[in-house]
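Reader: I've just opened this one and would like a guided tour. Please take it a bit at a time.

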Amino acid sequence: MTTVTEILNQSKTHKNNLHKYLYGGTNNLHKSLVTFKKHELNALLLVSIEKPVELCKFFNTSFFRLESIINNPIYKQYTIKKKKGGERQISEPDKKLKTIQKRLNYFLQAYYLLVKPTEVYGFVVNPHYLGDYCNIVENAKVHTGKKYVLNIDLKDFFPSITSKQVKDIFLSHYFNYNEQIATALTLLTTYEGKLLTGAPTSPVISNFICHQLDADLKTFSQNNELAFTRYADDLTFSSNTAISKDTILEIIQLIRQNNFEVNPQKLRLKTNNRKQTVTGLTVNEKVNVDRKLLKKIRAMLHDLTKNGVQLAVKKHFNTNYVDEKNTAKFIYRLEGYINFVGQVRGKTDSLYMKQKAALNSVFNIGK
């Protein structure tokens, strides 16, 4: 696939016009650039950076302010509980650094759209004019109705990615940044030698880092009659022929060759006579919401409509204290569950419409 960097290298006219627009004080976009879509132009802006002064202008900040942020990054460290037990370490950047990272993330996401493998569905922002084609539903559809589904989870996904790997990707053919720019961007997006959970840029950078892993697993899958997708750190393989132990071991070896480790507790091979799931959705016959969630929604709606919101909150949050905060939390959570059903099953699905109507009848939502 042709990268934006290669386009720029092939056409000095684009690059010169882009520099004039970015750094030459002109407010008019040159006619040679108007044919680009918004995300393509944003990608061009990102990869055109060559000098520190251009990097400062890109971030709308002074050299001394950017240097201070790079040399003294501030992160707030805390832990959150995982859904299935254990804790996750979160490193949240302070306001100044987060502003920088959010802007960089916006442009990195635009560029990743141009180089993204078709097998990747996670951590991708879909511009409205391209359609919503990267989500857990589309990811799961690939594996619908298969006799065998293999789920593999990458262990400690973000922390296992090193600062060296991040710098190497900024120096690679994807960006072609010089040493100075690559180093600055690495220091702005990593801390203590690794990618952080909590930094806005970590998801899209992890996708760039996985480019070789995605390519290796795609080739392997094509050669072994497997369907393959990746959603963040969730890898899924499916087939209508048996997936042997040797095949699984070869996949694990490819993962290790790309500097990742498999979480053995989340490695599952399911046949179609058992419940097969992909990123939390069942895929045996069609993509559907797990029955446990549907049962939970039904119970929450029943208690809400029959007993009122206060008793529903007490029961489902297992508390005797009901205030405005946890009442709102209950409502938003239930509405989120129902909207998720609509996302998976479709907005015209009868079950979704029934759930939505029941909720709306209590709170007049949408009126």
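Reader: Let's start with a loop: where is the place of Thr279?
Author: Ground rules first: this is a predicted model, where local features need pLDDT of at least 70, side-chain atom pairs count only at pLDDT 80 or more, and totals for chains, interfaces and linings use all residues. Residues are numbered from 1 along each chain as its sequence is written, and side-chain values use heavy atoms, with hydrogens and water left out. Helices (H or I, at least four residues) and strands (E, at least two) are DSSP runs numbered from the N terminus. With that settled, Thr279 belongs to the loop between S9 and S10.

Reader: What value is phi of Thr279 near?
Author: Most residues other than glycine have a negative phi. Thr279 is not a glycine, yet its phi is positive. It is also partly exposed, because its relative accessible area of 21% falls between buried (under 20%) and exposed (over 50%), using a 1.4 Å probe and protein chains only. Its phi is near 45°.

Reader: And Glu192, is it buried or exposed?
Author: Glu192 is found in the loop between strand S4 (190-191) and strand S5 (194-195). Its phi is positive too, near 55°. The relative accessibility of Glu192 is 64%, so it counts as exposed.

Reader: Which residue in S11 is the bridge partner of Thr282?
Author: S10 and S11 pair in the antiparallel sense. Across that pairing, the S11 partner of Thr282 is Asn288.

Reader: How many of the six residues of strand S3 are buried?
Author: S3 (residues 148-153) is joined to S7 (residues 234-239) by six bridges, running antiparallel. S3 also pairs with S8 (residues 268-271), again antiparallel, over four bridges. S3 is largely enclosed by the rest of the structure, because the number of its residues that are buried is five.

Reader: Which residue in S8 is the bridge partner of Leu150?
Author: Leu150 has a partner in each of two strands. In S7 it stands opposite Phe237. In S8 its bridge partner is Leu269.

Reader: On to charges: how many salt bridges does a search of the whole structure find?
Author: A salt bridge here is a side-chain nitrogen of Lys or Arg within 4 Å of a carboxyl oxygen of Asp or Glu. One of them is Lys218 with Glu119, whose closest N and O atoms are 3.8 Å apart. That pair links helix H11 (residues 211-223) to the loop between H6 (95-115) and H7 (136-141), 99 residues apart. The search of the whole structure finds 10.

Reader: How far apart are N and O in the salt bridge of Arg230 and Asp214?
Author: Both Arg230 and Asp214 are buried. Arg230 is in strand S6 (residues 227-231) and Asp214 is in helix H11, so the pair ties together parts 16 residues apart in sequence. The N to O distance is 2.7 Å.

Reader: In the Lys315 and Asp303 pair, what is the relative accessibility of Asp303?
Author: Their side chains meet in a salt bridge at 3.3 Å, N to O, with Lys315 in helix H14 (residues 309-316) and Asp303 in helix H13, 12 residues apart. Lys315 counts as exposed because its relative accessibility is 57%. Asp303 counts as buried because its value is 5%.

Reader: Last one: which helix gives the largest share of the positive patch?
Author: A charge patch joins like charges within 9 Å, using residues with over 30% relative accessible area and no salt bridge; Lys and Arg count as positive. Here Lys83, Lys296, Lys325, Lys329 and Arg333 gather on the surface. Lys296 lies in helix H13 (residues 291-307) and counts as partly exposed because its relative accessibility is 40%. The largest share, three residues, comes from residues 324-345, helix H15.

Conventions: Patch = residues over 30% accessible without salt bridge, like charges linked within 9 Å, V, L, I, M, F, W, Y side chains within 5 Å. Areas by Shrake-Rupley, 256 points an atom, 1.4 Å probe, with all protein chains shown as cover. Charge placed at Lys NZ, Arg CZ, Asp CG, Glu CD. Pairing = 2+ DSSP bridges.
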